[in-house]
Each structure stands twice: as structure tokens, then as C-alpha cells.
Amino acid sequence: MSEAAVFLVMVGVFVLLAMAFKVPIGISLVFSSATGMLVSGRSISLRHLTEGSFGYFDTILIILTAMIFMKVIQMSGLLDTLTAFFIQVFYRKKGRLLLVVMLLIMFPGMITGSSTTAVLSTGALVAPVLIKLGLPRLKTAALIAMGGIFGMVAPPVNILVMIMGSGVDMPYVGLTVPLLVMVLPLAAGTALWLGYKDINIISETKMRHILPPSLYQKFGLRLFLPLFLVFFLLLGESLFPRFFPRLGIPAIFLLGSLSGIFSGKRFNFFAATQNAVQEAMPILCILAGVGMFIQVMTLTGARGWTVISFLSLPPLWLYAGIALSMPLFGAVSAFGSASILGVPFILAMIGKNAVLTSAALSVVAGLGDLMPPTALAGIFAAQVVGESNYFKVLRFCLVPALFELIIGIGFLVLTPYIDKVI
Amino acid sequence: MKNKGYLISAGILLVLAFLWAGLAGRAFLKMFREESLRPSSGLTSKKMLSDYASVLTNTPGDTPVFVYEGSKKGGRALILGGTHPNEPAGHITAVLMLEHIKVQNGTVFIIPRANNSGFTHSDPQEGNPQEFFLKTSTAARRFRFGSRLTNPVHQWPDPSLYINPSGQKLSGAESRNLNRCYPGREHGTLTEKIAFAIVRLIQEEKIDLAVDLHEAALEYPVINAIVFHEKSAELAAIVQMELQAEGFEFRLEVSPPNLRGLSHREWGDFTPAFPLLLETANVSQGRLKGKTSQELILTGKDKFYLRAFELGRLFVPYDSRGIPLKNRAASHLAAVSTFLANMAFFAPEKKIHVTGLPRPEDLIKNGLETYLVPGSFSDRDQVRKIHIILHGQMPLFSR
Amino acid sequence: MKNIIHTALLVLFLLSSGWISGKPAEKLPPFRQPLLISSAGQSAEVQSALILAKRAGLKASLIKSAVKKDLNGFETLALVAGASMKGLGAAGLDITDEKERVRRLVDAAGKKEVPILFLHLGGEARRGTLTDDFIKEFVSCAAFVLVVKSGNKDGIFTEICRKKNIPLVEVERTVDAVAPLKQCFSGN
């Protein structure tokens, strides 16, 4: 069977199981991967399935621990306290509120290069503020999801560019300006576009009315311990990597969560972790399944077929190919998209400045985190606001995402001119 | 009652999960079995990399160093294979050399598995075979097809951002890439320790010529290349011309001064040696590769790469004959031999004269199998594998 | 002994390959020493050019990124074309800047009446959009063009040289360039 046919069979089995038989997405992916191996004339190899899923081992741990962290700051009362603080400061200034909120969401993404980290840490912190001030739940989630993606792309740490850079031997230098030029207008525009109409300017009495209980009086600064600890460790690791212990993001979230036990309201830590695992399980299962799916795609040559098909596009169609394939491949993973497609695309545009090209491609690839079935940014943003159907959130992401795509591709097309300016 | 049902299904699932983990785990553990190395009679001593940096002692990063000292004085060379265990030509070339080399003048150090830990796992989502076999006259010799990176079991977690010992910012996974960790750190990560020990070896053994053997994907611009540090420029240019005359095409690439952490850069800056890095073209590590298999590693034949060549996307000539492993090893061998032979031109007292190596053109003609020390039948697993090679697939649910 | 055989083979090859017979020697411009070797595209073949010049017994210096003032004291400028790929763009190579530097150098050479020898030694492997830009722009400024044959498979050099009436010599292998180089400078 040809590589293309194998790929189609895999997708077919997946769609059939997930849509028609309502099998959980992760499990559907496992079966479709196994089918892929069989139809390509191999036996089912547990080694390959396991190996593929381990491609997301680190991501899985980050998600799991970030979810625990989120539960802990909710249960300790920190989240309410922070929300109260923000509302008191910003209830009259909606433009400023939106911009500050956007920057806050982006921040963890900027220093870790991971949209999930952003959505599940500061994203979770600001969500109640926005909702209380009148922004509908779904729009709030969309804002958080987009903020996470902008944070992932924004400097100083853009893992997507680093991955592409390691594929073409390009040092990670000179990216701050081009990335900011693309991301800042997008971030500001998205925040205002999604929020400006709905956020209410309210009277002080009304503000007092919606204010959640602040525990600051009771616990003082101790309450903020988990947050301080996480930011201190995250920042320390990225700013002073030589002197700082290398803990990794999962351990940092876990330490932050543990410190939450003693920081505020008493709660059952075990229940918090159980709760977090329960909520995270479907997406973790999807990631493991996606890993298997890619492994089998590579194994059977379907990955090679995909890449060569996009590279076969005539030059003018190349941009269309990039606009289509990089976010689409992001359905499996934005990082995977950067590595598998980003590198050949940079090489296909070898006459251009690779720093600018990779920056633009990373903006396009970042959209992959909105693409179902993984849609990491979308799924977690939905979870943060308590929405079970993340497609509803994605609907509000559509316009900002389209702008992101236009800016990314536009930057790519105009690279030779931009090269002269910055 | 409902609870009981849950317990039963949970129990069944747990048993299945353990079974899966056990079977997959067995397959993974197989990668920890090292291939046998059979040094030639010219071997004068065998050391360990940890002899140069005790921090490596009893770590998975420690690796054997084979020393061949000639009866006459001369220059000192280090040949490094297996920096990236998914680039088999480098590894095989080092193995071939250590099985055949006899040194007359000077001393040659050979490290066939520079990143020993990288040989113990394979890259997730690359779908590669874990090993490949070369059928010698008696039995097949097994070689592992490992990963570009150190095994995460030995070094974990990756930071999100890796700043290497020379200050270069890289994506976190590169912290496990030996060829981004030079000059290494004595008390750093395992990979940095390996890099540190190699630099220490070059310094302590007063190495004059250090060659790092690599391969690259065909869509990557630096390919079929001699990458040289400024101070090796003249040697590289002379060798390139001589190789061209012998029918081996290499292009010259200078080591960029601002791409830090790579062997050709840091060995050059931190040691007195002439550093050089060789790249041949390996289909099986590319992004465009079709169905993966042991044949793909050995023959380098791939229809998608053929299409990419026709589209002008490759940086090497490519046709339906593929680029077989034996040709790639022959290129490496030709280049290394020419480097060694040319040392005397720079300083007569640095002369390195070696004999016994197979001629590169013979390697291409007769195949690698002819020049590897024959395998032994004693290894049951190998025999089983040969059976698979000869008689096709294993039954359903293989590893 | 090996060297003698090499030389003999080389002579035989040159005679048979026809560059001596096909291109009359008097058409080769009489270049004068010393020779300044510089890059057009920062590829590593400048090193090969230096070795070739040495083997041809020429007085030559290599300044990879030569500028106008470096021309002082030199009678010939050799431009070695080829864009380096290692580190793509970020390795200190900005193609726009590099082209501008070469443009100025070529201008200065023109004003000083220093003739230009254009070399492309990397063969087919050292072609591609980046390198071709340099070829298209600067070959026409040369007084003499010397290329490794496989780099001219598509006839890009033949085409430009024919239009501009510039003598072109193709050699099979890099090392074969020694003889024509020697010949170029034999007038003084």
C-alpha cells in the first residue's frame, strides 16, 4: 500500500472511531496507529507505539503538574485574592486592564516557550477577573488561549525558532526585534478586539459587590508563596542557568503546588491532585496517542510523503502551503510542525534571511496549538473557564488567529524588505 | 456493585498496562547491549574516557578509547565516531579503523562511541529500527542505530532553554547533544562531562589532529563536507583537492565563529589540535524519508529523496542507486586517511603513517561485510535476527 | 615518485582536455603579481584558491572580506565565488552586506585598473540561488574566469563569458586549476 494510502487509512480509522463510535480521541489514535502499521505490512510493534508516545513525555508532565498547581491556587484562596486585587486596581480602566492582562498571560509563555504553561498559570489567574468585569466566558477563554500562543512565540524564549534553528545550524540570536514586531501588535489588537466592547466600567459599589473574598488580611504575603516560588524558579532557571539548579518546569510547578499547602486556606492536597489528574487525563491521553500516530506516520513513510508533498508545491503556492500545513501539522504538535515542516521550509527559502524566516514561521506554527484534536491552548483555556466544549472557544479565536496567520505570512513574503529595515 | 465493576476493569487495564510496559521495556533494554568491538593486533592500549575526567567513572557516558601507538615517533590523531549514534557511517568507519589499523609513525586514538549513552535509545517519533545487521562470512554483526541525543534516562529533565558552556542559547533538547556541549563542564550534565573529557583527552594526549565523524540529512546544506576551524584551513583545502582527485567529492565549510559548542569550533579554540568534522549524506536521518527499515540505513535508497532531488531541494547529487552505507564509510575512510597522510607536510615530525586500512574503493566494491571481523554464532539473538532477515517478518506483536 | 606521476597525469590531462589547445594562450590576460584573493559569498573555497596560488608559485595573500584599502599593493584581484551555508545567514553572513562589499571592492579595482580573476571552485555543490546571485552580478566584471567544470553544467559561465567576451577556462578538478593559473601570470 502506498504511503499516501496508509495515511488515509489511518485518518479514516481515527475519524470513524472518534466521530461515529464516540471512542475517546486518545484511544482512537492508538487504534488508528496500530492499523497504520498493519496496512503497511508490518506487525504491531509495542516498542514503536510506546516510543512515539514518549515524544510528549515532558509535555505530559508539564500539563499534569500545571493542572495541579492551578487547583492548588484555587483551593488555597490565592486565586480569589488576586482577582480581588486586580478588580480593585483596574475596574475603571478597561483598555489598560486588557493590555496588562494580556501581558500577564503571555509572561510565563515568554520565559518558558510553552503556551500550556501560560494558559494554566497566569491565564487561570486573570480569567475570573475578566469574567467578573463582564467579559463572556468564551471570549475570556479565547483571550487566554491567544495570549498563551503569543507568549509562546514572543521573546526571549521561542522554542519553535530554536527547534528550526537547530535544524539549520542557526544560532538563536537577533530574534527579539522581529518577534516583537509581529507579536506586540497582535497581542494588543487581540486583547482590545476581544475585550473592549464587553468589559464594563462599573461603579465602586458594584465593584465591591462582585469582589471575591480576599484572604490577604488573614494570611498576608504568605498566601502568595506558590506564585512567588514558581516565578522565582522559572525566571531563575532561564535568566541564570549557570547558577540555578536545573529543575525543569514540572518540578517547579510541583514545588509551587506543595508550598500551597502551607500558604493559605487549608485544603486536601490529595484531592486537589486527584481532581487535576482527572481533568488532565483526556488531553494526556490524546498527546500519548498523537505521539504514536506520528511515530507510525514516520515508520510507514506517511510523514515523508506529507513533507515532500508540501515541498512539491510550485513557488507561489509555497506560501499557501506554509499557511495551510504548519498550523495543520500543529494539530499534532506545534513543536513537531516547527521541526518537521519548518526546517524544510526555511531551506526552501534559503535566499532569505533565516532569522526573519524562522521568526515568521514560528508565528504561523504557533497557531498549531489551536488546531484540534490536540489544540493545547484552546483546550486548557476552555478548562480554565469551565467550558467543556473547546470548539466554542476556538470560534472566538478565529479572527485573531487569522490575523496572526496574515502577519506571519506577510512578514515572510516581505522578508527581503524587512531585512533592510530591522 | 458499580464499584466492583470499576475495580475489575481497572484491574484488567492495569494488568494490560504492565504487560505492555514489560514487552516494550524489554525491547528498549535491548539497546543497552553493546556491540562487540574487536581491535586489530596493532592495539597498544585500551583506555576509558573516564581516565581523562574521573567524573565520568561508572557513568553511562564512559566509553572505551583505543590507542594505537607506532614504533616510530610522529603526530597524534584522535578519530571520533558515534558522536551522533543515528549517523551510522561515522560509527562504522571508526569500528572499521579500529579493527584494521596498524600505526607505524605516531599515535592514533579511536573512540568509536563518543556518546555512549546515545546508543542506548532511539529518537521518539523517528520510527527508526533499533539496530541493523551486516552479514559477515560467518554470522551477522549487529550495530545499534541510536539517537542524536543522550538518553533521557541518563540526563533529565531538559531545561526549556539550554545555554551551553560557550554561552550559546539553544533549545532545551540540545543539552543532550554532545556536539553542542563543547568545551564541556567537569561538573555539568552527563553530556557536558563527556565533552569535557574529550577536550581533556585532546589536551593531555597532545593531539595534533582531531576528526569528528558525522552524517547529515540530504536536505541540510552542510553535507558531503569537511567543516574546518580556521587553523585547519590549509590542511582541509589540500585534503579536499586530493580527495576530489580520488573521486570523493567533499565541499569545504568553515566553522562559523558565532555558532558555539560544536567540536570544530571549541576543539580549535581550546586545544592546540587541528579540528575537522566530516559529513556524509544519510537518508535514514532525514525528514523526508519514506518507510523506515534496516535496508534504508544500508542502501540509502528512498523514493521521496529522489523526488526531492528532482525538485532541486537537496544539496547532494542523488539518484535511484541511493547512497549506501558502504560508500559513506568509504568517503569517511578516504578523508581520514588523507588527513593522516598530510600531517607530515605541515611538520615532518608530526608524520602519521598507518597501514592495514581497507582501501576506500575496495570498500565500495566489496561491501562493508568483507572488511568487518566476522561475527560469531554464539549469540543466539543474532541468529534469530538473521532468520528474520532471511525469512521475513516476525509474527504479529513483535517488538 | 607519486608527485612525478601526478604531474605527468596532469599534463596529459590538460593536453587532452583542450584548454590549452582550445583557448589560445595569447587570449589570456597577462595578470601580474602579487595577487589578492578575496571571497564573494564567504565560502571556504578561498582556502583552495590560496593553495592553488601557492602551488602555481604565485605571490598571493588571502583577505576573505577585503575592502577597498586592502587592494593597495596588489596587481590582481581574485574573487572566489560561493555562498557559505553553515549557520545560514546568522553566521555573520548577511547576503546584502556581502554583495555590497564585493560591489565596492570590484568598483575600486576597476578604478585602480586592477584586473579581476573570477574563480568558482566548488563545482556543482557550490551552486544555488545564493551563489548564483554573485555569479550573475560579478562574472561580467572579470578579465578572466576559471571554473571547476561541474559548476558550469548549466552553462551559466559560458553564457555570460560569451556575451561579454571574457575568456573562460573550465577544469575538471580543483587541483587542475594550478596550470591555467600559472599560465595567466606567465606574462611577467
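How many residues of chain B are in contact with chain A, and with how many residues of chain A? In this predicted model, 43 residues of chain B are in contact with 50 residues of chain A. Two residues are taken to be in contact if their C-beta atoms, placed from the backbone, lie within 7 Å. Local features need pLDDT of at least 70 and side-chain atom pairs count only at pLDDT 80 or more, while totals for chains, interfaces and linings use all residues. Residues are numbered from 1 along each chain as its sequence is written, chains are lettered from A and ligands numbered from 1 in the order in which they are written.

On the side of chain B that touches chain A, the elements giving two or more residues are helix H1 (2-30), strand E7 (161-163), strand E8 (169-171) and helix H7 (303-310) of chain B. Helices (H or I, at least four residues) and strands (E, at least two) are DSSP runs, numbered from the N terminus. H1(B) provides the largest share, five residues. By class, this side of chain B has 21 nonpolar, 11 polar and 11 charged residues. Ala, Val, Leu, Ile, Met, Phe, Trp, Tyr, Cys and Pro count as nonpolar, Asp, Glu, Lys and Arg as charged, and the others, Gly among them, as polar.

Chains B and C also meet through helices. Helix H4 (residues 233-245) of chain B and helix H3 (residues 45-55) of chain C have axes that come within 9 Å and cross at roughly 80°. Axes are lines fitted to C-alpha atoms, for helices over the stretch in contact, and angles run from 0 to 180 degrees between N-to-C directions. H4(B) and H3(C) are therefore roughly perpendicular to each other. Angles under 35 degrees count as roughly parallel, over 145 as roughly antiparallel, 65 to 115 as roughly perpendicular and the rest as oblique. H4(B) contributes Ala233(B), Glu234(B), Ala236(B), Ala237(B), Ile238(B), Gln240(B) and Met241(B), and H3(C) contributes Gln47(C), Ser48(C) and Ile51(C). Six residues of this contact are nonpolar, three polar and one charged.

Within chain C, helix H4 (residues 95-111) packs with helix H5 (residues 129-138) at an angle of about 20°, the axes being 11 Å apart. H4(C) and H5(C) are therefore roughly parallel to each other. Ile95(C), Lys99(C), Val102(C) and Val106(C) of H4(C) meet Leu130(C), Asp133(C), Phe134(C), Glu137(C) and Phe138(C) of H5(C). This contact has six nonpolar, no polar and three charged residues.

Strand pairing was examined in chain B. Strand E10 (residues 225-228) runs parallel to E11(B), joined by four bridges. Two strands pair if DSSP finds at least two bridges between them. Val227(B) stands opposite Glu253(B). Both faces of strand E11 (residues 251-254) are covered, with Arg251(B) and Glu253(B) buried on one side and Leu252(B) and Val254(B) on the other. A residue is buried if 20 or more other C-beta atoms lie within 10 Å of its own, exposed if 12 or fewer, and partly exposed in between. Strand E5 (residues 131-135) has four of its five residues buried. E5(B) pairs with strand E6 (residues 140-144) in the antiparallel sense over five bridges. A hairpin of four residues joins E5(B) to E6(B). Leu134(B) stands opposite Arg141(B).

Pro360(B) lies in helix H9 (residues 360-366) of chain B. Pro360(B) is buried, with 24 other C-beta atoms within 10 Å. Not counting residues up to four places away in sequence, Pro360(B) touches Ala330(B), Leu333(B) and Ala334(B).
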